[in-house]
Amino acid sequence: RQQVAELFLVLLILLMIDKNMDRVKRAGLITIFAFSLAVSHYGLSYLFIFSLIAVYGLFFLNARRNNQNKVTEIVTTRRFVTLYITFAIAWYMYVSSSSALETIVSIGDHIASSVFTDFLNPEAAEGIGIIMKETTSPLHDISKYLHLIAQFFIAIGIFTLMLKRKEMKFEEAHAAFSYVAFMICFSGIAIPFFASSLNTSRLYHITLIFLAPFCVIGGMTFFRMVNHAVKKSWTDRIVRSSLRVLSVFFAILLLFNSGWVYEIAKDHPGSISLSQENIKMYGGAQDKASFYASYTPEQDVFGARWLSGNKDNEIKVYADWWSKEHVLQSYGTLANAKFLDNTTNPTIGSYIYMRYYNVILDAMSRGVHIEEYNTSEIAPMLEERNELYSNGKCRIYK
């Protein structure tokens, strides 16, 4: 869903940049793509609402300062901003009974109540916590510093745009959205509970849709500043050399970011695409927890299908977090499964579904980014029940 929403966001950016298209056609396509974004993914939709409001404010203040009567860019007009916000809110009230809106309000209240007391607190601000957290190996340390360098270049690029706006070929709307994306990225680092509500890596990924070009701009500006500091002329030859250095930097970043380096080094590999077998063999506990949160073994599917076809519909089903959220919903059509952890007391006669991760790796998940616990902690509960189904790697008790 997020990938589809990002496609529509990129299409909106292209329409901001393209000034050759007829204005009526642009307005129609912008409306269609914006509404499509809203119905695709609520998280990205609400970020876009926030960005629209912020950008509209920037354009409004700029128009007032320059004594202009109105804002002319389509995506920053009051009519479009009002239309999109109304549609998005109405859509989520209709499809989710306002639960998404209630979540956003709750997050906003949580942030507002702690923004001054926990500002830059690693325990509350997930972004700064990730930066300060110790990595699992020297190679992961290198990856972290490569990302920090990229963010440093992005910051330089944004400030370069601010200082040399007239010299750079950026459309006003695109530049304004980029400023807001940079502030969102900074907020994810500094403001408590802001990034954790969407997941820091997801927030960073989304803002890079706007900010990625500024990494190149900032890198070139940095090299130019270094060149000026050593009192050398900024010649075409040095420009080409700087671009080559940046190309090497991005190539190295790609190898780390894709997981290729960790796969080759067998160093806590985490890529589901590249490293399935090596995660099982060389991955740490957290690596395996993340892997089995996204990867579903076929034995889990067989167990979920068996349970769906043979269970009494009046009896509750208990399972760990990721079983409840993934395999039981997708393959067992069991949307009402109950969460099981080492403090749960399942009702008598209820079903307990144990997936591959629980049975073979002796681990149970409590939720996203929440510490796991050992299956052996609920062994006495399981021993009191009958084993109804087993395929060797997935078991169901009653």
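This is a predicted model: local features need pLDDT of at least 70, side-chain atom pairs count only at pLDDT 80 or more; totals for chains, interfaces and linings use all residues.
**Helix packing, salt bridges and a surface patch**

Good morning. In this structure, the axes of helix H1, residues 2–17, and helix H9, residues 200–229, come within 10 Å and cross at roughly 20 degrees. Because angles under 35 degrees count as roughly parallel, H1 and H9 are described as roughly parallel to each other. H1 passes H9 in a right-handed crossing.

I turn now to the salt bridges, of which the structure holds four. One of them joins Asp320 and Arg355, at 3.0 Å from N to O. Asp320 lies in the loop between strand E1 and helix H15, and Arg355 in the loop between strand E3 and helix H16, so the pair ties together parts that are 35 residues apart in sequence. Asp320 is buried, at 0% relative accessible area, and Arg355 is buried at 3%.

Glu277 and Lys280 form another salt bridge, with their closest N and O atoms 3.6 Å apart. These two residues are three apart in helix H12, and therefore separated by about one helical turn. Lys280 is partly exposed, at 27% relative accessibility.

Finally, the surface. Leu255, Trp260, Ile264 and Leu274 form a nonpolar patch with about 380 Å² of accessible area together. Trp260 is placed in helix H11, residues 260–265, and counts as partly exposed at 42% relative accessibility.

How values were computed. Residues are numbered from 1 along each chain as its sequence is written. Side-chain values use heavy atoms; hydrogens and water are left out. Patches are made of residues with over 30% relative accessible area and no salt bridge: like charges are joined within 9 Å, nonpolar side chains (Val, Leu, Ile, Met, Phe, Trp, Tyr) within 5 Å. Accessible areas come from the Shrake-Rupley method with a 1.4 Å probe; for residues, only the protein chains shown count as cover. A salt bridge is a side-chain nitrogen of Lys or Arg within 4 Å of a carboxyl oxygen of Asp or Glu. Helices (H or I, at least four residues) and strands (E, at least two) are DSSP runs, numbered from the N terminus. Buried means under 20% relative accessible area, exposed over 50%, partly exposed in between (1.4 Å probe, protein chains only). Axes are lines fitted to C-alpha atoms, for helices over the stretch in contact, and angles run from 0 to 180 degrees between N-to-C directions. Angles under 35 degrees count as roughly parallel, over 145 as roughly antiparallel, 65 to 115 as roughly perpendicular and the rest as oblique. A crossing is left-handed if the near helix is turned anticlockwise from the far one by less than a right angle, and right-handed if clockwise.
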